[in-house]
Amino acid sequence: MRALEVDVVDAVWAAIEPLLPEPVDEHPLGCHRARVPDRVCFWGILIRLTTGASWVDVEAILEHRVSDTTLRARRDEWIGAGVFEALKSEALAAFDRIIGLDLSEVSVDGSLHKAPYGGEGTGPNPTDRGKLGLKWSVASERHGVPIGWTIDGANRNDVRMLVPTVEAIAANGLLADVDTVHLDRGYDYPVVREWLAEHGLDDLCIQRRGTKQPGVKQPVRLGLRWIVEATNSWWSNYGQLRRNTDRRSRHRHAALCLATTILIVGKLLTYRNRWSPN
């Protein structure tokens, strides 16, 4: 994980700093304590994302330079100002400009994760003895960069989540450039093929149902579903995403936006360093 590398942190901060809202002093006498620097709060938010630590633990890690209450308030302030969404959009645009999003092969799949505190968009996890969990459905382009996702309860069927996932791709202005879509056998239904065709996605590579039975040989190759599986693995490396204790969908979405930005920045730095003599 490169999230805490100096180059990555500096690059992400350079992108996020211009997006931050101007602080508003609402104290009637203007005599409250000095505002905690945004950079310190950003560092705390990043620590929570990578480790999954509680806000109280993050406060202790930062040697009480900022309270857990301030960290949560600053996060909510930035979410309200659209900072994380704008950050993700800028990162996608930067990757497309420098390397180029490869939408010739797009893979979609869901991933289940723990959500022990419940909250919005959670449900019983059928793979975890019915404990509360969440599921995200994500679409990844050829390099493994997420280009659209949605979040829902762990009990939500992948097919039901496909529609908002595709709508998220469209919201990012990328749907028209998608060529081939790769899906696993869980999406092998006529209604899925018809709906995707209506949205211009008629070049599909969907594994057929019933091909995993004992003694049944897989008639076709499995396609490029490993692309989205790699994305799910990268996201799952973040403690806050792997075992999510947030109770609001907007908080989970903000964390995914930040994780996506870090993923993209890491790829861009690797691309930059390919000419390095070291």
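The model is a predicted one, so to speak of local features takes a pLDDT of at least 70 and side-chain atom pairs count only at pLDDT 80 or more, while totals for chains, interfaces and linings use all residues. Residues are numbered from 1 along each chain as its sequence is written, and side-chain values use heavy atoms, with hydrogens and water left out.

The fold is built from ten helices and six strands, taken as DSSP runs (H or I of at least four residues for helices, E of at least two for strands) and numbered from the N terminus. Looking at contacts (heavy atoms within 4.5 Å) between residues at least 6 apart in sequence, 68% join residues at least 24 apart.

Now for the aromatic rings. There are four aromatic pairs in the structure, meaning rings of Phe, Tyr and Trp (its six-membered ring) with centres within 6.5 Å; planes under 30 degrees apart count as stacked, over 60 as edge-to-face and the rest as tilted. W136 and W235 have ring centres 5.2 Å apart and planes at 90°, so they sit edge-to-face. Since W136 belongs to strand β3 (residues 132-140) and W235 to helix α8 (residues 226-236), this pair ties together parts 99 residues apart in sequence. W235 is buried, at 0% relative accessible area. W149 and W235 also pair edge-to-face, with centres 5.3 Å apart and planes at 90°. Here W149 comes from strand β4 (residues 146-153), and the pair ties together parts 86 residues apart in sequence. Put together, ring pairs link W136, W149 and W235 into a cluster.

Note on methods: Buried means under 20% relative accessible area, exposed over 50%, partly exposed in between (1.4 Å probe, protein chains only).
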